[in-house]
Amino acid sequence: MAAQIAGVFEPSLQEKISNSKILVVGAGGIGCEILKNLVLSGFQDIEIIDLDTIDVSNLNRQFLFHKEHVGKSKANVARESALSFNPNVKIKAYHDSITTTNYGVSFFQQFQLVLNALDNRAARNHVNRLCLTADVPLIESGTAGYNGQVELIKRGQTQCYECTPKAAQKSFPGCTIRNTPSEPIHCIVWAKHLFNQLFGESNEDEDVSPDTADPEAGAEAGESALAADANEKGNVDRVNTRTWAAQCGYDPEKIFNKLFYDDINYLLSMSNLWKSRTPPNPAKWDALEEDGEAAAPTDTVLRDQKVLSLTESAKVFGDAIGALKDAFGKLPDGDHLVWDKDDKYAMDFVAACANIRAQIFNIPRKSRFEIKSMAGNIIPAIATTNAITAGVVVMHAFRVLKGEFEKCKSVYMRLRPNARNQLFVPDRALNPPNPKCYVCAAKPEVTLKVDTKNVTVKELRDDILIKALNMIGPDVTIDGKGTIVISSEEGETDCNNDKKLEELQIVDGCILKVDDFVQNYELTVTIVHKDPARDEPSFDIVADPESLKPKEDEPDATPSTSNGNSKPSTSTAAAPADDDDDMCIIEEDGEKPAAAGSDEAEAGPSGTSSGPEKRKNDDTEGPSTKKARVEEKEDDDDDLIVIN
């Protein structure tokens, strides 16, 4: 190995390489390359963690894996393959999620260096916080197609992963998705919502069927709603999509006819919608079977590239419904499937539904490959980019071990040379921590603008603290009173879940103290009441308390697809101002944008797993999925955008 050969490294570095203990988080495209580099460089004590298992789609670039490994643990197989290069290295593998309580601050403190190779923002945030608390240097890396990025995160010396604000998730108005799609991406988003309505984490606000019980719907439907019998509370009882599907036994024909015939005819009855639009053409199951078109191709490559006809898509739809129904039926009560682009039937379902709906609304249909890229919001992974990025990671590791932090400037790999003829573009200097950062500041704090009259304690916990602020198990008390609002101990404060914030005296001016024991993270939250307008989020998180003035929303950019043409901004560690040295990294899984790059855009981070996974939910409805804006000072717009 290189470190054992005299003259390759200076003696002091050679000794540090041999004696250092390294943690690699993620065993995907970059993780495999990093592990190989570490072993060949002479590192003797390595641990690697990844929750995912190996998929066939991984084999073209994750070279430590081979066909016989499909279905096995990425971490375990990566360890076995790496040991073939040097059987004397000590490598410990964990087939587990880095976000579990098994890997706290004391776990991280045993390492001299942590190397991230993730494609998951939540896991990255978690590792960032634990490395800051443990005061262990973290090297963050990511790729997007031919672009790559490597940066150092060191407490007190550099920006942390969460020092700069994240761009808001690209979204589309619900009425456009449900009623008047005009682009393929609208149909794809609709299809993903439908998957969740039938098999996933259901959200009533994203029900794909038009609301025929709405008296304001218009035409005959509105009149029927007005005439409907009200319940004891004076409201019209509504049956959600999943309940209806379960009642009809998930029969493909009945679901098809409801979604693509009955619902479309209902929309056609709303004549005002079609005054300036081309009206849709309903499709019925029986009529499709009489088309006489060929069945969907069975060859995987041909099937992915071909744009299927309506009849072919209906056949795929029926097969996918049957398979997903069986998978869903095997789960215990309260569990649900999670859509994953690498799961055959989950992807088939979304592709078929999107194309059927597209044809009905006179929108161009797409191949399964194109839909997969758009639905997963990914840029195709490039093996060469992974290898180059991993090489820079290990070169940074050498500098960190030597204590040369000032030389660990962020580096950006680009497909084409910039104005200075550079393919590898380093920052001019390390970027210092953001003093307003709500993670690494001396006294982390945020201002939460929230509708205290309507937001519940459960939504505060699930949507704000866990989803938006990336905590694992928060405990919340009211400052000055000591009242425990939320406890991480199971069942201790469940009685508060359905209470509105104001019922517990969480009102304008209230200060909450939040403590996440798992992350060893404390945060002060100042409450500011807001009355949200219609279609406005029920809460905004203001990272800089001094920037409470409203900001003008920019118009939504064109949705990100596999061509990666979303509008990027400069990086977290800002590149030279005269260069176009930014990069746009596309992550899968509907997560909010991240700020420091992501591993190749595919399933396989520590903290996620492939297939339509099961996720335990604490109730049948699940938490609200309304997204929050994270605001910063208006001139603080130089963060790297990662589009989900």
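Lys306 is partly exposed in the predicted model, because its relative accessibility of 31% falls between the 20% and 50% limits. Its salt-bridge partner is Glu312, with the closest N and O atoms 2.9 Å apart. Glu312, at 4% relative accessibility, counts as buried.

Salt bridges in the model number 22. In the pair formed by Lys341 and Asp342, the N to O distance is 3.2 Å. Lys341 is buried at 3% relative accessibility, and Asp342 is buried at 13%. A further salt bridge joins the side chains of Asp462 and Lys458 at 3.0 Å, N to O. These two residues, Asp462 and Lys458, belong to helix H17 (residues 457-468) and are 4 residues apart, about one turn of the helix. Asp462 has a relative accessibility of 9% and counts as buried; Lys458 is likewise buried, with a relative accessible area of 9%. Salt bridges also link Glu10, Lys402, Glu404 and Lys407 in a network.

In soluble globular proteins, nonpolar side chains tend to be buried together. The largest nonpolar core in the model contains 56 residues, of which Trp190, Phe199, Phe256, Phe317 and Phe349 touch the most other members. At least two residues of this core come from each of helices H7 (184-198), H10 (252-268), H11 (285-289), H13 (310-329), H14 (344-360) and H15 (368-375). The greatest contribution to this core is that of H14, with 11 residues. When residues up to four places away in sequence are not counted, the contacts of Phe317 are Pro252, Ile255, Phe256, Phe260, Trp285, Phe349, Ala352, Cys353 and Ile356. Another core, of 55 residues, lies apart from the largest one and has Phe107, Ala134, Ala468 and Ile486 among its members.

Strand E10 (residues 445-450) is mostly covered, with 5 of its 6 residues buried. E10 runs parallel to strand E14 (residues 521-529), to which it is joined by 6 bridges. Within this pairing, Val450 stands opposite His529 of E14. Strand E15 (residues 539-542) pairs with E10 in the antiparallel sense, over 4 bridges. Here Thr447 has Val542 of E15 as its bridge partner.

Phe85 is located in the loop between helix H3 (74-83) and strand E3 (90-94). With a relative accessibility of 33%, Phe85 counts as partly exposed.

Methods
Residues are numbered from 1 along each chain as its sequence is written. This is a predicted model: local features need pLDDT of at least 70, side-chain atom pairs count only at pLDDT 80 or more; totals for chains, interfaces and linings use all residues. Side-chain values use heavy atoms; hydrogens and water are left out. Buried means under 20% relative accessible area, exposed over 50%, partly exposed in between (1.4 Å probe, protein chains only). A nonpolar core is a set of buried Ala, Val, Leu, Ile, Met, Phe, Trp, Tyr and Cys residues joined through side-chain atoms within 4.5 Å. Contact means heavy atoms within 4.5 Å. Two strands pair if DSSP finds at least two bridges between them. A salt bridge is a side-chain nitrogen of Lys or Arg within 4 Å of a carboxyl oxygen of Asp or Glu.
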